[in-house]
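My notes follow in the order I checked things.

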Amino acid sequence: MRVIRDLDRAGKASGGAAVTIGNFDGLHLGHQALINAVLKSAAAGDLLSTLLSFEPLPRQFFDRSTQSYRLQSTTEKLFQLRQWGLDQTVLLRFNQALAQLSAEDFIEQILVAQLDTRALFIGDDFRFGEGRRGDMEMLLKFGQMHGFSVQSLAPVCAAGVRVSSTRLREALGSGYMRLAADFLGQPFSLSGRVVKGQQLGRKLGYPTANIPMHHRPCPVMGVFAVIVETWEGAYPGVASIGHRPAIGGSELLLEAHLFDYSGDLYGQRIKVNLIERIRAEENFSSLDELTEKMQQDELQAKMA
């Protein structure tokens, strides 16, 4: 999959493109339906399958507070998109200039002039351009003028409700990991490269694979039953995501203890699938109290 961050340097696609547009944060079932529609259209019309998104996400640009967290890092999103077999993903830099670009100019300059869009797929609530003036009616009008089709996909439902990034955030924030998995079609996961930590867990009998979150706001906190995917295979385990107040920690860290694993994960990129939330992060008065709680967490994780 080709990743394009600067359309001006990439040049116009030859042969036309089947395109979907959106934030694609979390890549839930609704997003997957759009991607599958693009792939099918591209294969039928010999077009480039193209996903058009933004970095940073518009909600991050307009709201710089810590509450405007995202569900995936850019690296995680691109890694997952590669698995679908898209020809290209375009990440437009969302800045003041793009925020002020009119809906008409967005269509003319980006969809038509730069992407040579022939087929466009959007969600039923999609809006774009300055003041969110662009809508389905405008796209249909310009599609007739420039020769591209437009299709709005119906909402995707799971667990009896419409799937959306907002509902996914709510499920994760409430610790409803099974519901989040229903929205995603798979468990919610975090990934990163394992670094060497203080090795306190090893001294307590619980060696952990540590992934620093690099000050990235995270939609989940606490202790979880997990399945960790490594180069060698997948292993059940228990993981903590938090600031480790019991040992005076400050940096947000993911620490995963893998059951029945004795290899070396340092430097390896792993994926941690969160299966069930066991409890919130807690403080403890002693390491003995912490160790006792970790033993209880292990038992609960093995029953999850």
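Predicted model: local features only at pLDDT ≥ 70, side-chain atom pairs only at ≥ 80, totals over all residues.

The open sheet has 6 strands, paired in parallel, and reading across I get the order β1-β4-β3-β2-β5-β6. At the edges I found β1 (2-4) and β6 (149-153); each has a single partner strand, so one side of each lacks a neighbour in the sheet. I also looked up the twist, which averages 20° from one strand to the next.

Strand β5 (residues 117-123) runs parallel to β6, and the pair is joined over 5 bridges. I picked out I122 and looked for its bridge partner in β6, which is S152.

Then I turned to the helices on this sheet. Helix α2 (residues 29-45) lies across β2 (17-21), β3 (48-55), β5 and β6, and I noted about 160° between α2 and β5. Helix α6 (residues 103-114) packs on the sheet as well, where it touches β2, β3, β4 (88-93) and β5. Against β3, the direction of α6 makes about 130°.

Which residues have the most contacts inside the largest nonpolar core? I got V220, I241, V272 and L274, in a core of 34 residues. I then listed the elements that each supply at least two residues of this core: the helices α8 (165-173) and α9 (177-184), and the strands β9 (188-193), β10 (209-212), β11 (222-229), β12 (234-242), β13 (253-258) and β14 (269-279). The biggest giver is α9, with 4 residues.

I followed V272 further. Setting aside neighbours within four places in sequence, I found V272 in contact with F188, S189, L190, I211, V226, I227, V228, A239 and L254. There is also a second, separate core of 30 residues, and I122 turns up again there, along with A17, V112 and F126 among others. As background, I jotted down that nonpolar side chains tend to be buried together in soluble globular proteins.

Last, I took the whole-chain numbers. The protein chain has 11 helices and 14 strands, and its C-alpha trace spans about 70 × 40 × 35 Å along the principal axes. Of the 304 residues, 50% count as buried. For contacts with a separation of 6 or more, I read that 72% come from residues 24 or more positions apart.

Definitions and conventions:
Residues numbered from 1 in each chain as written. Heavy atoms only, no water. Pairing = 2+ DSSP bridges. Axes fitted to C-alpha atoms, helices over the stretch in contact; angles between N-to-C directions. Contact = heavy atoms within 4.5 Å. Core = buried A, V, L, I, M, F, W, Y, C linked by side-chain atoms within 4.5 Å. Buried < 20%, exposed > 50% of the residue type's maximum accessible area, 1.4 Å probe, protein only.
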